Amino acid sequence: MNTTPNECAHQEPAGANTRFSEGMIDMAKFIYLYRGPATPMSDLTPEQGADRMAAFGAWIEKVGPALVDVDSPFGTNVSVRDDGTEGTPGDLTGYTIVEADDLDAAKALTDGLPFLSNGTGNCAVEIFELLPM
């Protein structure tokens, strides 16, 4: 891949799309990046917090062993640019990692995900395959 100084350089390692482990094909890993407003647990009433935890618990149980890393909300943040300056970070609020056969299967696992339950179009889950290095 040829890049100019104004392009972000990214090159996939050779064989990045192949997942082998001792002669067997492994499931691919996908990261869900949560984008949009999120209400901190500290801003919820105890009942609202319990409802949120129950909804996520039900989704976690549904996804089962496909769940690799349940979730980690993001805290304070900064964006560092390739020229050394700081920019405004995006509106990412957390992540989850799942295993699935392919991107369609990873997308299907978002069914019932409470983060996507508002129906306002303000929240999104961006899904990326995590390639081996």
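Reader: pLDDT is the predictor's confidence in each residue, from 0 to 100; over which residues does pLDDT stay under 50?

Author: Residues 1-21 stay under 50, and the model has 22 contacts for them beyond four places in sequence. Contact means heavy atoms within 4.5 Å. This is a predicted model, in which local features need pLDDT of at least 70 and side-chain atom pairs count only at pLDDT 80 or more, while totals for chains, interfaces and linings use all residues. Residues are numbered from 1 along each chain as its sequence is written, and side-chain values use heavy atoms, with hydrogens and water left out.

Reader: What is the mean pLDDT of the chain?

Author: The mean pLDDT of the chain is 82, with 81% of the residues at 70 or more. Confidence is highest in α2, at a mean of 97, and lowest in strand β1 (residues 20-21), at 45.

Reader: How many helices and strands are there?

Author: The chain has 2 helices and 8 strands. Helices (H or I, at least four residues) and strands (E, at least two) are DSSP runs, numbered from the N terminus. Their order from the N terminus is β-β-β-α-β-β-β-β-α-β. Of the contacts with a separation of 6 or more, 70% are between residues 24 or more positions apart.

Reader: What share of the chain is buried?

Author: Of the 133 residues, 22% are buried. Buried means under 20% relative accessible area, exposed over 50%, and partly exposed in between (1.4 Å probe, protein chains only). The accessible surface of the chain is about 9,500 Å², and carbon and sulfur atoms hold 53% of this surface. Accessible areas come from the Shrake-Rupley method with a 1.4 Å probe; for residues, only the protein chains shown count as cover.

Reader: Turning to rings, how many aromatic pairs are there?

Author: The count is 2 aromatic pairs. Rings of Phe, Tyr and Trp (its six-membered ring) pair if their centres lie within 6.5 Å; planes under 30 degrees apart count as stacked, over 60 as edge-to-face and the rest as tilted. One of the pairs joins tyrosine 34 and phenylalanine 115, whose ring centres are 5.0 Å apart and whose planes meet at 70°, so this pair is edge-to-face.

Reader: Which parts does that pair tie together?

Author: Tyrosine 34 belongs to strand β3 (residues 28-35), whereas phenylalanine 115 sits in the loop between α2 (103-108) and β8 (124-130), so the pair links parts that are 81 residues apart in sequence. Tyrosine 34 and phenylalanine 115 are both buried.

Reader: And the largest pocket: how much space lies in it?

Author: The largest pocket holds about 750 Å³. On a 1 Å grid over the protein atoms alone, a cavity is a set of points where a 1.4 Å probe fits but cannot get out, and a pocket is an open set with protein on both sides within 12 Å along at least five of seven lines; lining residues have an atom within 4 Å of a point. Grid points are joined across faces, edges and corners, and a volume is the space filled by probe spheres set on the points.

Reader: Which residues lie nearest its centre?

Author: Ala38, Thr39, Arg52, Phe56 and Phe115 lie nearest the centre, out of 25 lining residues. Helix α1 (46-63) supplies the largest share of the lining, 5 residues. At least two lining residues come from each of α1, β4 (67-73) and β7 (92-100).

Reader: Is phenylalanine 56 buried or partly exposed?

Author: Phenylalanine 56, in helix α1, is partly exposed at 23% relative accessibility. Beyond four places in sequence, its contacts are Leu113, Pro114 and Phe115.

Reader: What about isoleucine 31: where is it found?

Author: Isoleucine 31 is in strand β3 and is buried, with a relative accessible area of 16%. Its contacts beyond four places in sequence include Tyr95, Ile97 and Leu130. Leucine 130 is partly exposed, at 33% relative accessible area.

Reader: Last one: which residues is aspartate 69 in contact with?

Author: Outside four places in sequence, aspartate 69 contacts Tyr95, Thr96 and Ile97. Aspartate 69 lies in strand β4 and is partly exposed, with a relative accessible area of 25%. The C-alpha atoms of aspartate 69 and isoleucine 97 are separated by 4.9 Å.
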